[in-house]
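Have the structure open as you read.

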Amino acid sequence: MKVNQNLIRVMNVQTHSYETQRMQRFIKKELAKQNLGHTKDKYGNIYVTKGDADLYPTMVCHIDTVHAINNDVQVVQLDDVLLAIDTKTKKRYGIGGDDKVGVYITLELLKQFDNFKAVFFLDEEVGCVGSSKADFTFFNDSTIVLECDRRGYNDFVTSISGTKLSNDKLHNDIDYILDKYNRKKCIGGITDVGEIADNNPVQVANMSCGYYDPHSDNEYIVISEVESTKQMCLEILQETADKRYEIDLDKRTTYGVGYGGYNAYSARSWGYDYYDDWDNKPKHKTKNEALHNTYADSFKTTAECPCCNASEVWFDDYEQQFFCLSCHTYVEIDDNNVNIDAEYMSTITDEEYIETDTLLYDASFNQEAFKKDVEPKLLNNGI
Ligand SMILES: [Zn+2]
Ligand SMILES: [Zn+2]
């Protein structure tokens with residue numbers, strides 16, 4: 001089975017909620033290779049606009065995974081499957097297809113279009129923390145917004161938590177593509193496009209994209225399903241490239257009639273929520289954990305935050321601005337008396353993401369045992 005090397009490269013990047021620096025760095029390098037610039041919002045989400053047009057096909061993804069950073073992990077290919085193992089323990093480790101598959105598809109589709117927009121959100125897995133702080137005006141000139149952030153293969157999500165993501169205007173134009181790729185419309189769990197739908201009239205969709213058993217050590221991806229999802233997104237975005245698809249914000253609610261009028265908001269507070277590929281409510285991070293949410297190319301300083309007085313002010317070298325990890329916002333500081341907190345920085349090892357010529361681990365372990373584990377779950381989609 002041939003595999004796009006870029007898929008393996010993305011899968012080899014270790015990234016975790018609040019610890020996404022390596023993936024940020026990886027994405028910046030990939031964008032630079034495509035001669036593309038980017039901007040960041042106050043939270044650190046990465047925005048890309050390619051070309052100069054009235055309307056842009058748009059993709060989003062999230063760059064964190066639930067799996068802790070582990071430098072011993074490497075990707076293994078077994079025919080149509082990519083999985084990850086800890087080369088020290090020889091045990092399976094979650095590959096992080098949720099949502100590195102989304103990152104891969106977004107980066108690849110950027111190459112396919114002259115005009116395109118993309119957003120790489122931080123920290124979805126801890127409650128859409130990044131996308132909830134997004135600049136939603138960015139999507140004012142999007143045709144539609146797609147996200148690939150759901151387990152399995154066959155789903156095309158049209159509503160989340162009582163919020164309608166798309167309607168027949170879009171469905172009539174793309175149903176033939178969904179049929180071709182065996183996609184069924186369904187209700188999905190919370191992810192970044194739900195945040196967008198609550199804040200911008202643009203029509204959005206989430207879809208399954210070939211990862212399985214997310215949030216577990218056994219997580220793996222099916223290469224052919226990732227590739228056909230990528231191809232489907234390409235066709236949908238091409239088919240819809242010349243117009244803007246909207247639903248008025250006040251018509252987004254799907255539970256308005258017949259359920260005692262409870263709306264998207266109360267559906268959430270009633271606990272009907274679940275996170276896509278996520279079985280529990282998000283964990284709330286303490287401030288100390290948040291401290292590790294440092295950004296690529298940034299340094300802790302000795303400054304105190306003028307808003308909250310916390311000594312958690314970092315200098316964002318890319319934005320050339322100070323950022324308080326306690327307030328989670330950029331702050332104005334007179335930099336005359338500010339130094340890098342060298343003592344703290346010396347405790348951070350500069351571990352680059354793994355990018356080698358030998359991208360695939362030489363699988364000197366019991367492949368048959370892993371195959372038994374994976375194969376019964378593979379879907380035969382006939383593509
Ligand atoms: Zn996800
Ligand atoms: Zn997830």
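The report below covers a helix pair and then a few backbone spots.

This is a predicted model, in which local features need pLDDT of at least 70 and side-chain atom pairs count only at pLDDT 80 or more, while totals for chains, interfaces and linings use all residues. Residues are numbered from 1 along each chain as its sequence is written, and chains are lettered from A and ligands numbered from 1 in the order in which they are written.

Let's start with the helices. Helix α4 (residues 168-180) packs with helix α6 (residues 223-239) at about 155 degrees, their axes 10 Å apart. The two are therefore roughly antiparallel (an angle over 145 degrees). On the α4 side, Asp173, Ile174 and Ile177 meet Met232, Glu235, Ile236 and Glu239 of α6, where contact means C-beta atoms, placed from the backbone, within 7 Å. By class, this contact has four nonpolar, three charged and no polar residues.

Now for the backbone. Most residues other than glycine have a negative phi, and most peptide bonds are trans.

| Residue | Phi | Loop |
|---|---|---|
| Ser161 | about 50 degrees | between β9 (155-160) and β10 (163-164) |

Asp123 is buried, with 27 other C-beta atoms within 10 Å (buried takes 20 or more). Ser161 is buried too, with 21. A cis peptide bond, with omega about 10 degrees, joins Asp98 and Asp99, and Asp99 lies in helix α3 (residues 97-112).

Technical notes. Axes are lines fitted to C-alpha atoms, for helices over the stretch in contact, and angles run from 0 to 180 degrees between N-to-C directions. Helices (H or I, at least four residues) and strands (E, at least two) are DSSP runs, numbered from the N terminus. Angles under 35 degrees count as roughly parallel, over 145 as roughly antiparallel, 65 to 115 as roughly perpendicular and the rest as oblique. Two residues are in contact if their C-beta atoms, placed from the backbone, lie within 7 Å. Ala, Val, Leu, Ile, Met, Phe, Trp, Tyr, Cys and Pro count as nonpolar, Asp, Glu, Lys and Arg as charged, and the others, Gly among them, as polar. A residue is buried if 20 or more other C-beta atoms lie within 10 Å of its own, exposed if 12 or fewer, and partly exposed in between; C-beta atoms are placed from the backbone.
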